[in-house]
Amino acid sequence: ELRRYRAAPDRQAYQASADVKAVWESARHQAKDPFQAAVFVLLTRGHLDKQVSPVITTLQDYLWWKLCFVRFLTEEDFAKSPNTSALPSSEVTLQALQEQLLIEHAPRIRQQEADPLLWAKTCLLAGLFEQAIHHLLTEKVEFQLEGLHFALALHTRGLIRIPREPAPRLLSETGCLNLPAVVHEFAKQIAPVCPREAVAYYHVLRQDATLVGYLSELAVGYGLHEALFGTALAEIRQKGLVEEVLPAPLVRRGVSAGDR
């Protein structure tokens, strides 16, 4: 039965695992190896019961176990049943798993002192990227730089949800991360010492309406007008960091803001 299952074109389909499930149901009461039981339960998309529980000893084990049962619904699935609660009880959508983690498990995981990054890693594994980054930025200050770089890397792949309008909070109630504010806050920290690096971080905001305002705030707040926007003496003009580091369209916008 396992050979036929391995050859099935869609192993997640209910029909593909039906024969394996029938064999397992007839033999499960004689099985003494919990790891063997875990493999068959995964293959047949069964339930987490006492027979398998000795295998699940850590939060990571539990999370990987749950992720194995995540089903990504297709348009055909929604056409057949718009109500995702109609899925078998052993299967969940990724959104349902994320909600379960945030509501039921977050308080307990955050209190784990043995691994201070446990909640951040849990969020990353479950696709809760915004929550993971927010946790690193606000609750694990020694990992702020890592949180920022996570945000930038995920943003380049289109995996970070950003609010459409400027928001006062870093993480909105709907789970959107205010990436422009994250970048700006870090740039302000390093601008007095490393203004070139600070300007380089703004490259990620090249399509964002907040860019010009942030550059102006940096220039005025830290006395960096000449360093950012350059100087002009007689007919000699010296380029600023904005012109050296950022793309040409942004330079024109930034220099205009500096002149104002």
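**Close-up views of helix packing and salt bridges**

**View 1. Helices H8 and H9.** The axes of helix H8 (residues 129-138) and helix H9 (residues 144-156) come within 7 Å of each other and cross at roughly 155°. H8 is therefore roughly antiparallel to H9 (angles over 145 degrees count as roughly antiparallel, under 35 as roughly parallel, 65 to 115 as roughly perpendicular and the rest as oblique). The crossing of these two helices is left-handed. On the H8 side, the contact is made by Phe129, Ile133, Leu136 and Leu137, and on the H9 side by Gln144, Gly147, Leu148, Phe150, Ala151 and Leu154 (contact means heavy atoms within 4.5 Å). By class, the contact of H8 with H9 has eight nonpolar and two polar residues and no charged ones (Ala, Val, Leu, Ile, Met, Phe, Trp, Tyr, Cys and Pro count as nonpolar, Asp, Glu, Lys and Arg as charged, and the others, Gly among them, as polar). The model shown here is predicted: local features need pLDDT of at least 70, side-chain atom pairs count only at pLDDT 80 or more, and totals for chains, interfaces and linings use all residues. Residues are numbered from 1 along each chain as its sequence is written, and side-chain values use heavy atoms, with hydrogens and water left out.

**View 2. Helices H10 and H12.** Helix H10 (residues 179-190) and helix H12 (residues 211-221) have axes that come within 11 Å and cross at roughly 20° (axes are lines fitted to C-alpha atoms, for helices over the stretch in contact, and angles run from 0 to 180 degrees between N-to-C directions). This angle makes H10 roughly parallel to H12. H10 passes H12 in a right-handed crossing (a crossing is right-handed if the near helix is turned clockwise from the far one by less than a right angle, and left-handed if anticlockwise). Pro180, Ala181, His184, Ala187 and Lys188 of H10 meet Tyr214, Glu217 and Leu218 of H12. By class, the contact of H10 with H12 has five nonpolar residues, one polar residue and two charged residues.

**View 3. A network of salt bridges links Glu185, Lys188 and Glu217.** A salt bridge is a side-chain nitrogen of Lys or Arg within 4 Å of a carboxyl oxygen of Asp or Glu. Lys188 is buried, with a relative accessible area of 18%, whereas Glu185 counts as partly exposed at 41% (buried means under 20% relative accessible area, exposed over 50% and partly exposed in between, with a 1.4 Å probe and protein chains only). Lys188 also meets the side chain of Glu217 in a salt bridge (3.7 Å, N to O). Because Glu217 lies in helix H12 and Lys188 in helix H10, the pair ties together parts that are 29 residues apart in sequence. Glu217 counts as partly exposed, at 38% relative accessibility.

**View 4. Glu173 forms a salt bridge with Arg169.** The closest N and O atoms of this pair are 3.8 Å apart. Glu173 counts as exposed, at 76% relative accessibility, and Arg169 is partly exposed, with a relative accessible area of 47%. A search of the whole structure finds six salt bridges.

View 5. The C-alpha atoms of Leu63 and Leu97 are separated by 9.2 Å, the two residues being 34 apart along the chain.

**View 6. The whole protein has 15 helices and two strands.** Helices (H or I, at least four residues) and strands (E, at least two) are DSSP runs, numbered from the N terminus. Of the 260 residues of the protein, 40% count as buried. Among contacts between residues at least 6 apart in sequence, 45% join residues at least 24 apart.
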